Amino acid sequence: MDGARTAGPAPIAPPLIDPQQLMRDLKAFRDPRPVRSGWELAITLIPFLLLFAAIVTAVEAGYLLALLLTPVAGLFLLRLFIIQHDCGHGAFFRGRAGNDWFGRALGVFTLTPYDCWRRSHAQHHAATGNLDARGIGDVDTLTVREFQERGRWQRFQYRLYRHPLVLLGLGPAYLFLLRHRLPIGLMKEGRKYWVSALATNLVTAMILVLPIYLAGFGVTAMVFFPVLLTAASTGVWLFYIQHQFADAHWHEESDWSFHDAALHGSSHLDLPPVLRWFTGNIGIHHVHHLASRIPFYRLPEVLEKHPALRDLNRFTALKTISALRLALWDEGQRKLVTFREAARISAAA
């Protein structure tokens, strides 16, 4: 043909994924391996305890030297929380009793009452992406319309709540140091949750008696709080990006589907290998939400078997920075938007 340009190959569309079929396929990865689970627990808990002792000792040589070890100890504590998280899903050991008692024991170190957390986290999994079931175990999210209908003071409070310094700083400190000390939201649902919260507080205090006796309260506090807050802030950052991204999946109850919301409403945070290890592969969150009984150490196997999942809602650590600006769900565009974008939408309407 004269003058005609040869068209290049048409782009290959990503394969369609049937969430319900995928969920059935993922049952093959559900069985935990007891020896592997024990090994993962040992190589996380023992280094954490040794690092904590080393930091307490290093304080005598200078606090700045001790602070150099704090981020590493915080990451080990975060990994303990990931193991506790797997216990809550019945994914770390084969028996429920083993999962529950190890989960309760780890809650003493993570300052997270296991039974209270497991209940709220189960509700989060059951209602992810459901606009009519928000507010339990997740980051509070308003729609653009709801935000505009709020009074000035309420809008200010929500803006403050969604600010990165609060979400990743004050928020985690409040959550792990204060909120978890009582069964907030579960106070009227039975004695079990009071026992979980108060027993965790008591055993944590008993464990801290030894370093307080040996090094003093001030030294222990200067070690304990930075380690805890490093783990807490990193954990909240992970939790945020797992569901708070522009093309997340939110629907009203009438249009909501668990399988679609689990797969398409959760991200794949593709981290460097070292961070992937410390975070227990929890960045493969779209797989986790669809099949929460898969042990964290088997999640990479899923990506190898189902490579189409690698690029689904994929983020790198750097890309999460822009996602922190997102704050409101725009029901018209069906995406999360910033406050500035929401103002333009409201002005145009």
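Arg-314 and Asp-270 are joined by a salt bridge in which the closest N and O atoms are 3.0 Å apart; the term denotes a side-chain nitrogen of Lys or Arg within 4 Å of a carboxyl oxygen of Asp or Glu. Arg-314 belongs to strand E3 (residues 314-315), whereas Asp-270 lies in the loop between strand E2 (268-269) and helix H12 (273-278), so the pair ties together parts that are 44 residues apart in sequence. Helices (H or I, at least four residues) and strands (E, at least two) are DSSP runs, numbered from the N terminus. Arg-314 is partly exposed at 34% relative accessibility, and Asp-270 is partly exposed at 25%. Here buried means under 20% relative accessible area, exposed means over 50%, and partly exposed lies in between, with a 1.4 Å probe and protein chains only.

The model is predicted: local features need pLDDT of at least 70, side-chain atom pairs count only at pLDDT 80 or more, and totals for chains, interfaces and linings use all residues. Residues are numbered from 1 along each chain as its sequence is written, and side-chain values use heavy atoms, with hydrogens and water left out.

## Salt bridges within helices

The whole structure contains 14 salt bridges. One of them pairs Arg-118 with Asp-115, at 3.9 Å between the closest N and O atoms. Both residues lie in helix H5 (residues 114-127), three residues apart, about one turn of the helix, and both are buried. Arg-118 and Asp-115 also belong to a network with Arg-96, Asp-100 and Arg-104, joined by salt bridges that share partners.

Another salt bridge connects the side chains of Arg-145 and Glu-149, at 3.5 Å from N to O. These two residues are four apart in helix H6 (residues 144-149), about one turn of the helix. Arg-145 is partly exposed, at 45% relative accessibility, while Glu-149 is exposed, with a relative accessible area of 56%.

## Aromatic pairs and charges over rings

There are 19 aromatic pairs in the structure. Rings of Phe, Tyr and Trp (its six-membered ring) pair if their centres lie within 6.5 Å; planes under 30 degrees apart count as stacked, over 60 as edge-to-face and the rest as tilted. Phe-92 and Phe-93 form an edge-to-face pair, with 4.9 Å from centre to centre and 85° between the planes. Both Phe-92 and Phe-93 are buried.

Trp-153 is exposed at 57% relative accessibility, and Phe-156 is partly exposed at 44%.

Two arginines are placed over aromatic rings, as judged by CZ of Arg (or NZ of Lys) within 6 Å of the ring centre and within 35 degrees of the ring normal. The charged end of Arg-104 sits over the ring of Trp-101, 4.5 Å from its centre. Arg-159 lies over the face of Phe-339, 4.3 Å from the ring centre.

## Overall form

The protein has 16 helices and five strands. Its radius of gyration is 22 Å, close to the 20 Å that the globule rule gives for 349 residues, so the protein is as compact as a globular protein of that length. The radius is taken over C-alpha atoms, and the rule is 2.2 Å times the number of residues to the power 0.38. Along the principal axes, the C-alpha atoms fill a box of roughly 85 × 50 × 45 Å. Buried residues account for 46% of the 349 residues.

## Backbone at two asparagines

Most residues other than glycine have a negative phi. Asn-281, although not a glycine, has a positive phi of about 60°. Asn-281 is located in the loop between H12 and helix H13 (285-290) and is buried at 12% relative accessibility.

Asn-313 likewise has a positive phi, of about 50°. The loop between helix H14 (299-305) and E3 holds Asn-313, which is buried at 18% relative accessibility.
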